[in-house]
Amino acid sequence: MEILGTYNMQGPIVIVGSGISAISLATEIRANNSAVEIVIISDDREAPYDRPQLSKEYLRDGENSSFRLNLERAPDVEWLRGQRAESLNTDAKRITLSNGRSVAYGALVLATGAEAKRLPNLVGSGVPITTLRTLEDASFIREHLRPGKKLVIVGGGVIGLEVAATARAVGADVTLVEALPRVLNRCAPFKLASFIADYHANRGVAFHFDRLSKNAAASSLLLDNGRQLHADLIVVGIGVVANDALAKNAGIACDDGIFVDRYGRTTCPDVYAVGDVTRQLNPVSDRFERIETWSNAQNQALTLGRALAGGPVLPYSDIPWYWSDQYDLQIQVAGIPAGDEEVFRGRFADAQFSIIQLRKGKIVGVASVNRSREFNIFKRLIASDRLLDASILSDESINIREYVKWI
Ligand code: FAD
Ligand code: NDP
């Protein structure tokens with residue numbers, strides 16, 4: 001493994017953002033260095049929280065769920081909360097906040113995440129409408145989710161499907177509109193997507209595929225085929241855009257995401273970036289992509305944190321993966337969703353299976369439902385050089401753990 005040496009900076013480490021990447025970074029720096037000055041700037045007035053619960057436990061159980069991030073392991077941090085970082089002067093190494101204050105940095109880490117895309121033509125009709133990215137959004141949805149209320153969701157990605165599952169659990173009527181003929185187009189193999197759509201349909205979710213929303217009236221959403229869907233609440237989950245304006249305006253290379261190398265470095269010295277806001281080399285697809293997952297935000301930050309604290313500067317190249325909980329399904333997906341050969345293990349009828357993607361005999365992706373032990377074995381094999389036999393992988397009578405030990 002290549003090691004780049006150690007960073008030796010002057011002045012405080014300033015972090016912009018207070019999501020999982022920012023808090024993981026601060027925690028890791030503190031764990032390895034008790035002396036370095038850390039400043040966190042966040043435009044959120046809320047105490048830091050974790051987003052995955054917002055579409056799941058928090059939406060169902062509210063304040064009873066444990067959605068706050070733990071700050072105890074990141075002590076002695078100067079917090080500038082409720083302040084937006086407005087502009088960045090990389091020559092002077094200063095950042096200016098919305099209240100006019102200017103903050104000097106030795107190293108700056110942009111952990112500004114992403115924000116939900118909106119549909120402006122639906123706003124102002126009188127139907128309550130929201131995206132889901134923040135605690136405020138989740139509280140708004142929670143207020144309107146009641147048994148028998150009609151929820152219309154636009155977008156069949158992870159947000160739309162998780163909200164649909166939670167809303168059905170609280171007894172709301174759910175209709176989901178998706179622009180494509182399938183759900184989870186961006187991030188799951190077709191067979192998994194079909195299984196999940198059927199699972200939702202069997203639990204009462206009505207789908208409108210290949211449809212776009214046109215506009216909203218007082219209590220309905222109008223589709224491009226003229227169909228009118230009654231709605232007490234509309235939730236829009238149609239993807240995100242990176243919060244990269246600070247970097248872009250400072251001349252740092254961006255393209256809906258800040259370009260970083262495997263050391264978290266941007267194109268400007270002493271400016272780093274981590275989490276959803278970054279565009280990085282995906283080690284499986286071999287393309288520069290935004291990897292919008294919790295594990296990436298955490299682990300990219302931990303790797304950079306160790307380096308900034310004075311530890312070894314190691315490359316980050318984790319295999320991308322995410323989980324999603326819908327009803328009683330624990331869904332886990334790693335790598336890329338398509339190869340040149342696909343192996344199926346398990347049974348749809350039992351809601352327990354794995355779909356493995358191979359490319360030239362090597363695993364490039366795995367998607368599992370309620371099979372996390374097996375998922376972890378296959379995830380570890382992704383991007384390894386091991387050549388696997390598809391007929392053995394699909395044979396459930398063979399102990400997969402033993403098989404991979406022997407190849
Ligand atoms: P963010 O969490 O977006 O945090 C960025 C922070 O920066 C925000 O607090 C923002 O207010 C602040 N900020 C931005 N610009 C500025 C500025 N100029 N000045 C000051 N502050 C600024 N992933 C999974 O793998 N599994 C899941 O089950 C899962 N569930 C999810 C459910 C929901 C509802 C959502 C929204 C996401 C989910 N994700 C999940 C994705 C995961 O939460 C994200 O990948 C992760 O939150 C990214 O963390 P981040 O710290 O990079 O960015
Ligand atoms: P996604 O990009 O995953 O999905 C959005 C879906 O909406 C796509 O299928 C998209 O189709 C479709 N779409 C786009 N425009 C329209 C439109 N006008 N009408 C109808 N459908 C449309 O984004 P999400 O909003 O679901 O998720 C947002 C973020 O939250 C992501 O970063 C995601 O990773 C994260 N997240 C992760 C979770 C997890 O990992 N478990 C859970 C929840 C959120 P097309 O592909 O054609 O654009």
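Student: Which of the 22 residues around ligand 2 come nearest?

Tutor: Happy to start there, and keep in mind that this is a predicted model. The shell around ligand 2 divides into eleven nonpolar, seven polar and four charged residues. Among the 22, those that come nearest are Glu162, Arg186, Gly239, Glu292 and Trp323.

Student: Which elements give two or more residues to the shell around ligand 2?

Tutor: Good one to check on the structure. One of them is a helix spanning 158–169, and the other is a strand. They are α4 and β22.

Student: Which residue in β23 stands opposite aspartate 325?

Tutor: Strand β22 covers residues 321–326 and runs antiparallel to β23, with six bridges joining them. Two residues lie between the strands in this hairpin, where tyrosine 327 takes a positive phi near 55°. Opposite aspartate 325 stands glutamine 330.

Student: Why is strand β23 largely enclosed by the rest of the structure?

Tutor: Start with its other neighbour: five bridges join β23 to the antiparallel strand β26, residues 362–369. One of the pairs is glycine 335 with glycine 365 in β26. As for β23 itself, it is largely enclosed because, of its seven residues, the number buried is six.

Methods:
Residues numbered from 1 in each chain as written. Chains lettered and ligands numbered in written order. Predicted model: local features only at pLDDT ≥ 70, side-chain atom pairs only at ≥ 80, totals over all residues. Heavy atoms only, no water. Buried < 20%, exposed > 50% of the residue type's maximum accessible area, 1.4 Å probe, protein only. Helix = DSSP H or I, 4+ residues; strand = E, 2+ residues; numbered from the N terminus. Pairing = 2+ DSSP bridges. Near = heavy atom within 4 Å. Nonpolar A, V, L, I, M, F, W, Y, C, P; charged D, E, K, R; others polar.
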